[in-house]
Amino acid sequence: MSGEEEENAAELKIGEEFLKAKCLMNCEVALILEHKYEQLQQMSDDPMNQVSQVFEKSLQYVKRFSRYKNPDAVRQVREYQLAEFELCVLGNLCPETVEEAIAMVPSIKTKGRAHDDDAIERMLNDLSLIKKFE
Amino acid sequence: MQLHPRHFGRNLRENLVSDLMKDAEGTCSGRHGFVVAITGIENIGKGLIRDGTGFVTFPVKYQCVMGFFAEAGPVQFFVSNHLIPDDMEFQSGDMPNYTTSDGSVKIQKDSEVRLKIIGTRVDATEIFCIGTTKDDFLGVINDPTTT
């Protein structure tokens, strides 16, 4: 790999280019790809032939693993005070317990951040309520 | 491994190993799973001449990498036996699978698993990753649309 300073997602050291790039959740990617696919459908009889295998597989994957169905729910999830990368991993995996959340995104528990177990649990509850009532 | 006499000579061992790789890699062993890659030759025994044919048979002991392949969107993964929980064992048959000793958890074709990427290889057309299912909260997942 690039051999610059140690990159480590668990510590939120994710490299400059990724800090500047926007992170999307599966459901957001699904919206974008489906929109593009619909545009192709309007322009041609056989849209599946117009797209690459990468597009097809990606669309299939994000549709299967989308957690939130509507843009409002996604907007609510994005309001949390977390790094975008962390938000997206949590939004994609929807951990059920605090233990699971910390295992998936170790950086939310690192020293100095205002996230104790109770705060994390409240956030997970909110995330699942957002899903329930969308 | 059987070898034709034309391969005898200085390169006997190399020919044997390359034939072994061609024959065994990519196949499925009933007991252990997919032979993905041969990683080392432990021992090549004395050759036995087969009566009537002139071929010589050598017993070869080798080590190899076993495991399963997976896909996440356009990305390909390989998870080696070493990175699958110890209590999961390979079961051969019509639907080969990895199962826990009590039969409660199974990984087979079309199963959905959560895995952690521990290494990647990127080239011009694809990304290939090595993954593990050995940590907490990894492995077979329940249907996410019902959570």
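Me: Let's start with A:I14. Which residues does A:I14 touch, leaving out those up to four places away in sequence?

Reply: Keep in mind that this is a predicted model. Once the sequence neighbours within four places are set aside, A:I14 touches A:A9, A:L19 and A:F85.

Me: Where is A:I14 found, and is A:I14 buried or exposed?

Reply: Look in the segment before α1 (16-20) of chain A. As for burial, the cut-off is under 20% relative accessible area. A:I14 has 16%, so A:I14 is buried.

Me: On to cores. Which residues touch the most other members of the largest nonpolar core?

Reply: That would be A:Y68 and A:V77, in a core of 23 residues. Four elements of chain A give two or more residues to this core: α4 (71-77), α5 (84-93), α6 (98-104) and α7 (117-132). The top contributor is α7(A), with 5 residues. Apart from this core lies another one of 13 residues, including B:V75, B:V79, B:Y98 and B:L115.

Me: What is A:Y68 in contact with, beyond its neighbours within four places in sequence?

Reply: Among its contacts are A:V74, A:V77, A:L127 and A:I130, and also A:K131 and A:E134.

Me: How many salt bridges does the structure hold, over all chains?

Reply: There are 11. To read one, check the distance from N to O, then ask where the two partners sit. Take A:K57 and B:E71, whose side chains meet at 2.6 Å. A:K57 lies in helix α3 (residues 53-64) of chain A and B:E71 in strand β6 (residues 60-72) of chain B, so this pair joins two chains. A:K57 is partly exposed at 21% relative accessible area, and B:E71 is partly exposed too, at 47%.

Me: Which parts of chain B does the B:K134 and B:D86 pair link?

Reply: Distant ones, 48 residues apart: B:K134 is in the loop between β13 (127-132) and β14 (139-140), and B:D86 in the loop between β7 (75-80) and β8 (88-91). Their side chains meet at 3.4 Å, N to O. B:K134 is partly exposed at 35% relative accessible area, whereas B:D86 counts as exposed at 68%. Back in chain A, salt bridges that share partners join A:K22, A:E28, A:R78 and A:E84 into one network.

Me: What does UniProt list for residues 66-127 of chain B?

Reply: An unreviewed entry lists "domain: S1 motif" there.

Note on methods: Residues numbered from 1 in each chain as written. Chains lettered and ligands numbered in written order. Predicted model: local features only at pLDDT ≥ 70, side-chain atom pairs only at ≥ 80, totals over all residues. Heavy atoms only, no water. Core = buried A, V, L, I, M, F, W, Y, C linked by side-chain atoms within 4.5 Å. Buried < 20%, exposed > 50% of the residue type's maximum accessible area, 1.4 Å probe, protein only. Contact = heavy atoms within 4.5 Å. UniProt positions renumbered as here; feature names shortened; annotations may be inferred. Salt bridge = Lys/Arg side-chain N within 4 Å of Asp/Glu carboxyl O.
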